[in-house]
Amino acid sequence: MSDETSKMNVHVSRETLAVQAMGRIDPLTRAVVPPLHLSTTFIRDPDNQYRSGFSYGRADNETVRELESIMVMLEQAEAALVFGSGMSAAVGVFSALAPGSRVLAPAVMYWALRYWLLHDAPALGLTVDFIDMGDIDAVAAAAAAAPLNLVWIETPSNPLWGVLDIAAIADIAHLNGARLVVDSTCATPVLTQPLLLGADIVMHSASKYLNGHSDVIAGVLATRVTDEFWTRITRIRSSHGMLLGPFEAFLVTRGIRTLHVRVRASCANALALALALQDHPLIEAVLYPGLKDHRNHALAARQMKGGFGGMLSIRVKGGEAGAIAAAAHVQLWKRATSLGGVESLLEHRASIEGAGTPCPPDLLRLSCGIETADDLLADLDQALHAAVA
Ligand SMILES: *Cc1c(COP(=O)(O)O)cnc(C)c1O
């Protein structure tokens, strides 16, 4: 594949490179959209070498590598690996830790990964301590309390949208000889670049904003340095077959071409909704880091560039029943889990998280798509009123 962009002698932004998928064109046909590579095997050279760098599909696929090179560019990373899901990317990191390793994780985080850390990580010999990552003194104390190997954070975090100080937590991790990994799914590379703030590895569920169209499950890791730990993750991805198929990789690359415009539109909708809903008579509270009275607003304004994300939550008056009734009456919003697609989704989060969740029962999680803000607001308003009628 020839990389036209790398031949340019003008500097262009990450956004421009993403729009043009790094400017790659097919050298055979000069196609502007690179072809989809499906072959799982590659011809050996007569002298028994694989000079192309491709031997077998479990480790080598050009369509997957093209997506990885875009993620390297977006995160200003040294290397990136694409996985079959965000969960497999996360599990890939934890599987690379030696048995006996100690991990710090946030008390409030993506539910399925919290569940895995609680129920399955111990079988790998990992000890996981869940702490309030918003309290920097508590993080420092927990980090120093016993030998530490890895700190995992998510920011902004599901489903309360707290924002965590990546640079401060990276310092604490490094001071204690540990790595910091950031789940940056909801910030996206558009709003935050954790590796530039000191994180060692950044993780994304590409099923969300990166793909952006609710039709692919995928995950990504990108690393600041390609050290021995990264080599181990790379080996584990291949040996465990934690792969993304080439067609899905092709779709994620296509999604990333519009990442910046979609994220900006989602952020604008989320902010407009948060401002309009904070004084709504049927809403108890709006949780959105873009609001001035959000506890992490100053940090979010410093750390997130160009927006506060497309996710917010509302606490509906009337408790759990009020929230579920409001969700029942939406027409335009889709009552569904997941986030980061062009269509707006709304969900009663405590029902899906089940017992032990830190999520309040009156909370609805809103993933703002890119529809017109007025349409989204009008539908929510009618649903809230219909619920109490
Ligand atoms: C969806 C999600 C994940 C898991 O990703 P999958 O692609 O669904 O496996 C992890 N973290 C966050 C913040 C998510 O939203």
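Entry 1: I began with Arg179, which counts as partly exposed at 27% relative accessibility; the class lies between buried, under 20% relative accessible area, and exposed, over 50% (1.4 Å probe, protein chains only). The model I am reading is predicted, so I kept to its limits: local features need pLDDT of at least 70, side-chain atom pairs count only at pLDDT 80 or more, and totals for chains, interfaces and linings use all residues. Residues are numbered from 1 along each chain as its sequence is written, and side-chain values use heavy atoms, with hydrogens and water left out.

I found Arg179 in a salt bridge with Asp227, the closest N and O atoms being 3.0 Å apart. A salt bridge here is a side-chain nitrogen of Lys or Arg within 4 Å of a carboxyl oxygen of Asp or Glu. Arg179 is in strand β7 (residues 179-183) and Asp227 in the loop between β9 (219-223) and α9 (228-239), 48 residues apart. Helices (H or I, at least four residues) and strands (E, at least two) are DSSP runs, numbered from the N terminus. Asp227 is partly exposed too, at 24%.

**Entry 2: other salt bridges.** I noted that the structure holds 13 salt bridges. Arg224 pairs with Asp200 at 2.7 Å between the closest N and O atoms. Arg224 is partly exposed at 32%, whereas Asp200 is buried at 11%. I also looked up Arg315 and Asp362, whose side chains meet in a salt bridge (2.9 Å, N to O). This pair joins strand β11 (residues 311-316) to the loop between α14 and β14, 47 residues apart. Glu347, Arg349, Glu353 and Arg365 form a network of salt bridges.

**Entry 3: around Asp362.** I checked the accessibility of Asp362 and found it buried, at 10%. Leaving out residues up to four places away in sequence, Asp362 touches Ile314, Arg315, Val316, Gly319, Glu320 and Ala323 (contact means heavy atoms within 4.5 Å).

**Entry 4: the two domains.** I took the bounds from the domain assignment, which gives domain 1 (36-97 + 170-256) and domain 2 (259-388); such bounds are automatic or come from a database. The contact takes 18 residues from domain 1 and 21 residues from domain 2. Together the domains bury about 1,600 Å², 63% of it on carbon and sulfur atoms; buried area is the accessible area (1.4 Å probe) that two parts lose on being put together, summed over both. Val190, Leu191 and Tyr209 supply 45% of the area that domain 1 buries against domain 2.
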